[in-house]
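Subject: Structure for your review

Dear colleague,

Please find below the structure that I am handing over to you, followed by an account of what was found in it.

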Amino acid sequence: MGTAMFAPIFDAFYALAPWLQSLIGLTLLLTAAVVVNFLLKKVILRAARPFLDRRSLTADKAAAWLASALPLLLISRGLPEVPHLPIDIVTVVSNVAEAAIVLSIALAISGTLDYAEEVYRRRPDAKSRPIKGYVQVLKIAIFMAAAIFIISVLIEESPLLLLSGLGAMAAVLLLVFKDTILSLVASVQLTTNDMLRVGDWIEMPGMNADGDVIDIALHTVKVQNFDKTITTIPTHKLISDSYKNWRGMSDAGGRRIKRALLLDQNAIRFLSEDEVNDLRRFRLLGDYLTAKDTELSEWNAREAAGDTNHVNARRLTNIGTFRAYVIAYLKAHPELSNDFTLLVRQLPPSPEGLPLEIYCFTATTNWGEYERIQSDIIDHLLAILPEFSLRLFQEPSGLDINALRVN
């Protein structure tokens with residue numbers, strides 16, 4: 001009875017001209033596709049949005065691409081039912097619609113992978129184990145598979161026929177995807193061996209990179225240099241070339257100071273007894289001078305007894321006493337760490353003077369604080385040098401030559 005109710009309508013429809021039947025059928029089909037698309041994206045997805053992840057737009061985009069497949073499916077399956085359309089047009093449009101369905105599903109899966117990677121980045125251990133490279137490899141595989149299916153749909157052949165021809169193209173594919181394969185291997189090594197994380201400070205002079213890693217992808221690693229420029233490094237370069245990672249310094253909690261004072265060798269000499277007594281006003285030298293006085297007195301009494309020539313006796317030098325002062329000063333410094341190596345040593349003399357190297361670690365890794373602490377230490381040591389009758393070596397300048405001419 002229901003069919004009989006619409007019989008007059010069908011009779012009137014089939015009584016129309018063929019072109020008019022086709023026009024009405026296409027209009028109804030497109031209207032249905034638009035209505036379905038509207039209901040899915042503007043009604044159902046909007047109603048479901050409160051239940052989705054509000055911190056991400058990636059999930060919404062993936063769902064929207066997946067929803068686009070249904071109107072395309074309606075067009076693909078409904079177009080052959082439109083009367084009086086040329087078979088060639090129906091075939092071409094249906095194939096294009098089916099290819100678009102494959103592309104929509106591939107984009108939906110790609111968006112889902114992006115969302116999964118975004119959720120993973122929120123984990124506290126995501127910086128040490130990034131998965132962006134793996135996600136990009138999966139996306140490449142998905143789009144390659146989608147391309148094969150799209151071509152097979154358009155030419156109306158089985159995908160297996162296309163896959164059977166890939167064996168002959170293997171060499172070409174290896175050449176085309178050489179960088180991708182190298183980057184994939186490098187990405188696996190970097191991640192597995194924990195060689196690089198987002199946030200690491202690295203130096204790679206060969207690539208003009210000196211800054212923080214801000215992104216690790218399949219093909220590239222982005223480094224934001226300290227001048228705020230961005231250096232892009234091919235991922236495989238981080239395996240084949242050397243670079244410095246400062247993460248160990250950050251994890252250790254201390255940063256090394258390694259500076260040398262170039263002392264004028266002409267100023268190095270023994271200290272007189274009066275000068276030694278004068279240096280006792282330094283609190284940091286009290287224990288050193290007392291211990292040295294006992295040590296030298298005992299040695300001189302034993303080895304140089306009765307010898308009045310002072311050249312045969314052991315005496316304090318101004319540079320040795322200054323070195324002891326620097327060690328005591330560094331050990332007492334509240335902003336230096338006592339958990340790491342602390343040295344004050346002489347390096348081989350050179351035409352530029354006698355290098356006295358300071359080797360210690362600050363108790364902080366903050367760059368600004370580190371530079372302040374280092375500068376304060378060097379400032380103090382430079383200013384205290386004259387108290388030990390020492391001076392820095394400095395090559396003669398114009399003012400020095402003019403002073404000699406005046407004298």
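The buried residues of helix 9 (residues 178–192) pack against helix 6 (132–155) and helix 10 (237–240). These buried residues are T180, S183, A186, S187, L190 and T191. They cover an arc of only 130 degrees around the axis, which places them on the same side of helix 9; the arc is that of the directions from the helix axis to the C-beta atoms. In general, an α-helix has 3.6 residues a turn, so residues three or four places apart point the same way. Buried stands for under 20% relative accessible area, exposed for over 50%, and partly exposed for values in between (1.4 Å probe, protein chains only). Packing is judged by contact, that is, heavy atoms within 4.5 Å.

The model is a predicted one: local features need pLDDT of at least 70, side-chain atom pairs count only at pLDDT 80 or more, and totals for chains, interfaces and linings use all residues. Residues are numbered from 1 along each chain as its sequence is written, and side-chain values use heavy atoms, with hydrogens and water left out.

The length of helix 9 also fits expectation. At 1.5 Å a residue, its 15 residues should span 21 Å, and the end C-alpha atoms of helix 9 are 21 Å apart, which agrees; the expected span is 1.5 Å times one less than the number of residues. Just after helix 9, D194 takes a positive phi of about 55 degrees.

As to the chain overall, there are 16 helices and eight strands. Helices (H or I, at least four residues) and strands (E, at least two) are DSSP runs, numbered from the N terminus. Of the 407 residues, 32% count as buried. Among contacts between residues at least 6 apart in sequence, 66% join residues at least 24 apart.

Turning to the sheet, five strands form an open arrangement in the order 4-3-2-1-5, with antiparallel pairing. Strand 4 (230–234) and strand 5 (244–245) stand at the edges with a single partner strand each, so one side of each is left without a neighbour in the sheet. Two strands are taken to pair if DSSP finds at least two bridges between them; strand 3 (residues 220–225) and strand 4 pair in the antiparallel sense over five bridges. Within this pairing, T220 stands opposite P234 in strand 4. The loop between strand 3 and strand 4 contains K228, which has a positive phi of about 75 degrees although it is not a glycine. K228 is exposed, with a relative accessible area of 60%.

The next topic is the aromatic residues. Rings of Phe, Tyr and Trp (its six-membered ring) pair if their centres lie within 6.5 Å; planes under 30 degrees apart count as stacked, over 60 as edge-to-face and the rest as tilted. By this rule the count comes to eleven aromatic pairs. One of them joins F282 and Y325 edge-to-face, at 5.5 Å centre to centre and with 70 degrees between the planes. F282 lies in the loop between helix 12 (273–279) and helix 13 (286–303) and Y325 in helix 14 (residues 318–332), so the pair ties together parts that are 43 residues apart in sequence. Both F282 and Y325 are buried.

F322 and F388 form another edge-to-face pair, 5.3 Å centre to centre with 65 degrees between the planes. This pair links distant parts of the chain, 66 residues apart: F322 is in helix 14, and F388 is in the loop between helix 15 (367–384) and helix 16 (398–406). F322 is buried, with a relative accessible area of 0%, and F388 is buried at 1%. Ring pairs link F282, F322, Y325, Y329 and F388 into a cluster. The loop between helix 15 and helix 16 also holds S389, which has a positive phi of about 60 degrees although it is not a glycine. S389 is partly exposed, with a relative accessible area of 31%.

Two arginines lie over aromatic rings. A charge sits over a ring if NZ of Lys or CZ of Arg is within 6 Å of the ring centre and within 35 degrees of the ring normal. R314 lies over the face of W299, at 5.7 Å from the ring centre, and the charged end of R315 sits over the ring of F270, 4.0 Å from its centre.

Finally, P355 lies in strand 8 (residues 354–362) and counts as buried at 9% relative accessibility. The C-alpha atoms of P355 and L262 are separated by 4.4 Å, although these residues are 93 apart along the chain. Not counting residues up to four places away in sequence, P355 touches A260, L261, L262, R345, Q346, L347, P348 and P349.

Yours sincerely
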